[in-house]
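Biologist: I am new to this structure. Can we read it together, one feature at a time?

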Amino acid sequence: MNVLQKKTELSSEEVKEPFLRAFSKIEKGGGKDFPEWLKNLRQNALSKFAILGFPNTHHEAWKYTSVETIIHTLYQFLTAETAKNLASKKDLNSLPIPLSGPTLVFVNGFFSRDLSKLNLRSSSLKIGSLKEAILKDPDGFKEYFPSKDGYENSIFRALNMSLFEDGAFVHIPPNFIFEEPIHLVFIAPSSQKNLISFPRNLIVAESGSKATIIESYVSFPENTTFSNAFTQVIVKNEASINYYQIQNQSEKAFHVGETEMVLNEKTHLSHCSLTLSGRIVRNNLSVQILGRESEANLTGLYLTSHEQHVDNTTVIDHKMGESTSRQLYKGVLNGKSTGVFSGKIFVRKNAQKTDAAQTNKNLLLSKEAKVDMKPQLEIFANDVKCTHGAAVGELEDHLLFYLQSRGLGSDTARHLLIRGFIHEVTDQIKVQKIKDYLNRVLLTPFEEGKEALR
């Protein structure tokens with residue numbers, strides 16, 4: 001375990017130095033077993049990390065989100081041996097997450113077999129540790145780690161590539177239909193402060209398969225943590241994936257997550273992003289549509305309060321035509337919190353007959369809450385149907401008055417209106433345990449007599 005020394009003013013090189021030192025330790029420890037081709041990729045990613053600068057608000061892609069607090073916090077880098085002893089089933093059960101079915105648990109990014117449930121009904125479905133899978137079949141994973149890997153222009157992706165040690169691997173075989181949701185749970189131990197983790201997940205849905213995946217990030221109330229996660233989802237021909245990402249870490253947590261999804265021909269993707277807490281959260285979602293007659297349905301909900309900041313940045317790249325994409329993101333912002341929605345739709349020259357729509361709506365519950373919206377279309381084909389829209393508003397006084405005139409209290413009336421605002425997103429959640437979980441999150445502050453929502 002490496003506890004970093006605190007400095008008040010750090011140069012760019014000084015900020016990077018702990019990460020560079022951590023790489024050397026990892027390569028001598030948990031990373032020494034990786035195959036040579038992966039070691040080379042990690043070294044290349046680290047070299048890129050060393051020359052890239054952390055983004056600031058002068059960078060267009062990070063115009064509304066400052067990472068200064070994230071990169072100037074002092075972190076602990078845990079080893080797998082240290083992490084696995086820092087969480088128990090009691091800890092896991094104390095977290096209000098919807099556990100059921102096959103569950104992979106990662107403690108500070110490291111797979112915990114003791115806390116996981118791998119009671120699979122079929123041996124053809126492979127779920128478990130990505131590291132263990134790579135070590136078992138070193139050459140079988142080369143195709144999922146392209147040499148460039150997109151980290152040329154993303155310092156956080158380069159950091160994840162160079163420092164990741166483990167993550168989830170899910171392989172759904174051809175024509176396999178798995179009804180139970182597979183849950184990937186990432187927790188930070190309650191006994192440690194300022195932890196940093198770099199989980200890397202790989203999901204492969206083979207042709208004709210169908211499955212539901214839930215990816216959750218949770219931590220305990222007093223934990224300051226930073227999770228720099230990368231998730232890659234590959235949906236092959238005629239496969240269908242329902243994917244949920246839930247971020248409900250402590251109000252002191254930092255999270256920068258990149259999710260890259262690739263859709264081949266006649267595929268279906270339903271993705272839902274739920275951001276319920278965290279100090280600074282940046283969710284990058286990229287969807288590449290490579291095959292015809294594919295459909296991507298993206299929904300998102302972010303509930304912010306106090307001085308929380310949540311940034312959802314999405315890119316849908318239609319590279320092949322006759323495909324459909326829909327985006328619906330809604331935010332409810334309270335206190336001095338801030339939100340960002342930046343969504344870009346690309347329609348390439350060969351993507352004729354693309355049908356794409358993007359909507360972002362926000363509800364401000366306080367005068368000090370703020371949201372920035374940046375919808376973008378870049379269209380290079382001429383036979384397409386593309387729209388986007390964005391809106392921000394407040395609770396309407398006449399609706400509050402109407403409900404209160406029917407005998408409802410002020411909090412109850414506000415709560416009903418908020419639930420009505422977000423129902424377009426919550427109604428599309430198909431997993432009942434997630435709906436129940438979300439209802440508890442929504443109801444708790446209300447039942448405690450606090451201002452709706454928090």
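Biologist: Is Ser129 buried or exposed, and why?

Modeller: Buried means under 20% relative accessible area, exposed over 50%, and partly exposed in between (1.4 Å probe, protein chains only). Ser129 counts as buried because its relative accessibility is 4%. A caution: this is a predicted model, where local features need pLDDT of at least 70, side-chain atom pairs count only at pLDDT 80 or more, and totals for chains, interfaces and linings use all residues. Residues are numbered from 1 along each chain as its sequence is written, and side-chain values use heavy atoms, with hydrogens and water left out.

Biologist: Which polar contact does the side chain of Ser129 make with another side chain?

Modeller: A polar contact is a pair of N or O atoms within 3.5 Å; within protein, one must be able to donate a hydrogen and the other to accept it, and residues adjacent in sequence count only if both atoms are side-chain atoms. Here the partner is the side chain of Asp166, at 2.9 Å. A polar atom of the Ser129 side chain also lies 3.2 Å from the backbone nitrogen of Lys131.

Biologist: What does Gln308 touch, leaving out residues up to four places away in sequence?

Modeller: Contact means heavy atoms within 4.5 Å. Gln308 touches Leu276, Ser277, Gly278, Arg279, Leu303, Ser337 and Thr338. Its side chain has a polar atom 3.0 Å from the backbone oxygen of Ser277. Gln308 counts as buried because its relative accessibility is 5%.

Biologist: Which residues of the largest nonpolar core touch the most other members?

Modeller: A nonpolar core is a set of buried Ala, Val, Leu, Ile, Met, Phe, Trp, Tyr and Cys residues joined through side-chain atoms within 4.5 Å. The largest one has 44 residues, and Phe19, Leu38, Phe141 and Phe145 touch the most other members. A second, separate core has 42 residues, including Ile172 and Leu364.

Biologist: How many residues line the largest pocket?

Modeller: Rolling a probe the size of a water molecule over the atoms shows where empty space is left. A pocket is an open set of points on a 1 Å grid over the protein atoms alone, where a 1.4 Å probe fits, with protein on both sides within 12 Å along at least five of seven lines; lining residues have an atom within 4 Å of a point. The largest pocket has 39 lining residues, and Ala61, Asn153, Arg282, Asn284 and Val315 lie nearest its centre. About 1000 Å³ of space lies in this pocket, the volume being the space filled by probe spheres set on the points.
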